[in-house]
Amino acid sequence: MAIRTDVVRLYRQVHTWTGILTGLILFVCFYAGALTMFKEPLERWITPSAEVAPVAFERAGELIATTRALRPKVRDFTLAMEPVLTGAAPLRLTWTEGRFDPAPWSATLEPDGSVAVKKLDPSGIGLLVDFLHRTAGIPGDLDIGTLVTGVASALYLVALVSGVIILLPSLVRDFLALRVTANLKRLWLDAHNILGLVSLPFHIVIALSAVVFGLHDQIYDTLNQVVYKGQMRTAIAASSPFRAAAKDMRPAAMLPPPDLLKRTRDLSPGFHPVGLEYHDAGTRAATVRVWGHDPRYLVRREGFVLMGAVDGRIISTEYMPGHQGVWSAVVSSFFALHFGSFGGSIVRWSYFGLGLAGALLFYSGNLLWIESRRRTERRAGGPVAQSRSTSLLAAATVGVCLGCVGGLSLTIAAGKWLNGVVSDLHAWHWGIYYATFLGACAWAFRRGAARAGVELLWASAAATAAIPATSLLSWLAPGPVPWVPGRLAGVDLVALAGALALAGMARLAERRARTGPRDSVWSVQEGGMESHPAANAAD
Amino acid sequence: MADVRPDSPPQPPVRPDWWSKSLAGVLLGFTLAIALSGLITWLGPGGPAAINKYQFTMWIVAPIWLGVVSFCFLFRSGLRAWLWLGGANLIAFAALLASRGRLPH
């Protein structure tokens, strides 16, 4: 396809600027995002569940009634089904005191029929991974972080479009050509282009939906003023599944959970319920959302049917897969395409792989930026020092990317050691991640990209290898770390593969630093810039 | 994105005009996306009160807006970007004002 060269040149600049502004933010979002696909197995790897005394699901009604009598003020709670039916967790009600409460309350039936209420203490690794995915780790309020990643995602979409435009002229000739020659820049460029093109649909979907997740408040506010004349709340209220729920707060007896599930099955036999979420329980206004999956449809993480908990009538199916209105179904599919919450484990693994490939795409983009600004000895006719900007970006790339990878691996591995030893594992997870991340960044700027790159790659490989090593150790010498045999080899195998990959990269980077061309930010040889701090400072 | 054939008259090169084009794309692209989303709200199937349509029309803002930002560098100059996008905004907002009615309660 022929595109005028001046247009291509223009879009190359657009691509460079949007890419360089967002690359590091997006790396963290994508790496953490890949891990969010498996945050439940990670959580279970750190805090293996203790032996569960089985309580039949049929006793859920008894549990609810006794808990209600014990804690009459608690009207909103959830009854998880799946872990009960698989024996992974006891039959219990849970409720939280805020949206991102790391430690929910739990109520379980004791053998004598009484109810025990206690605060749960999940490791919180899922919350940390989720927070990093949404905010790239920008500390403070979640809203600020998501606003930043929302804007970064907008630039990322422009980077995608401009990247495709500059590729189009050479697309037919170069597509899927990976030229493994002495020209390393060519190899990185080919790899960058293949990664970008092959996963382009995924990236467009992720970019657009991430813009919406980051900026929906601002867009809704504008639409409310301009389109709805300040009356959007009527449209929102008219769409709420709760609009037809009763408002009567007088006490009333509720139907037992198995009854509610039977009604759900009658409505949609293909729907697979995973939990019941109660609202205003014990009153005539009581409702229950039966959450669940239906692999035949694109739904948000889960869909639900809203029922009256007292009379069992179906109040709304607007979020029930296969029973949605057309607008709801389309919007649900947008969510599903971002979350990868469809098609089962194949899609889950694909999204994991695509997320990691995305992180690699941004990493290689930064490498290309550095490489295209390289000062060569051939042109200068003698030893050269690289520019300050390329040295700084190289150090930032190495520090941020490897700080994120190493920090997450270390905090996961440490979680298993600290579980049961410290009282607030959740806070430890965050502390370990941020200490490692900031330490890696400081190290990269202090040592320079060439040395720090090798060292941080080895450190990340070691931190990642600590995950299967911890499992192995706890298996060989059960003691400080509880080991659940045969359950979670998946986390260990993936971490082992990751550690080997990082070690391989470390060896390559080491060789490059020692014997590669010395006129580069990645060289540690005499005559390279690393040995000329004076020349660097004079730059 | 025209092919440059030997017989076609040479076209003047596209001016970069970074600031002017970027601002036009980001600002006028956003307002255009809001207006087009509003037209879908009021004129699209189901009218403004269709269940959960307000979510769809919010989502649709992002692709329109960023599509404009992405392609606005194809305008031959920043001035042209402002004129074309400004004109498109005028038309879209005139249509939106004409189509906005009362929200049913």
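Chain B of this predicted model contains four helices and zero strands, where helices (H or I, at least four residues) and strands (E, at least two) are DSSP runs numbered from the N terminus. Along the sequence, these elements are arranged as α-α-α-α. Local features require pLDDT of at least 70 and side-chain atom pairs pLDDT 80 or more, whereas totals for chains, interfaces and linings use all residues. Residues are numbered from 1 along each chain as its sequence is written, and chains are lettered from A and ligands numbered from 1 in the order in which they are written.

Of the 105 residues in chain B, 39% are buried; a residue is buried if 20 or more other C-beta atoms, placed from the backbone, lie within 10 Å of its own. Contacts (C-beta atoms, placed from the backbone, within 7 Å) between residues of chain B at least 6 apart in sequence join residues at least 24 apart in 83% of cases.

In helix α3 of chain B (residues 61-71), the buried residues are B:V61, B:A62, B:W65, B:L66, B:V68, B:V69 and B:S70. The buried residues of α3(B) pack against α1 (18-43), α2 (53-59) and α4 (78-99) of chain B, and also against α6 (142-167) and α9 (200-226) of chain A.

The contact between the chains takes 39 residues from chain A and 33 residues from chain B. On the chain B side, α1, α2 and α3 each supply at least two residues, and α2(B) gives the most, with seven residues.

Note on methods:
Buried ≥ 20, exposed ≤ 12 C-beta atoms within 10 Å, placed from the backbone. Contact = placed C-beta atoms within 7 Å.
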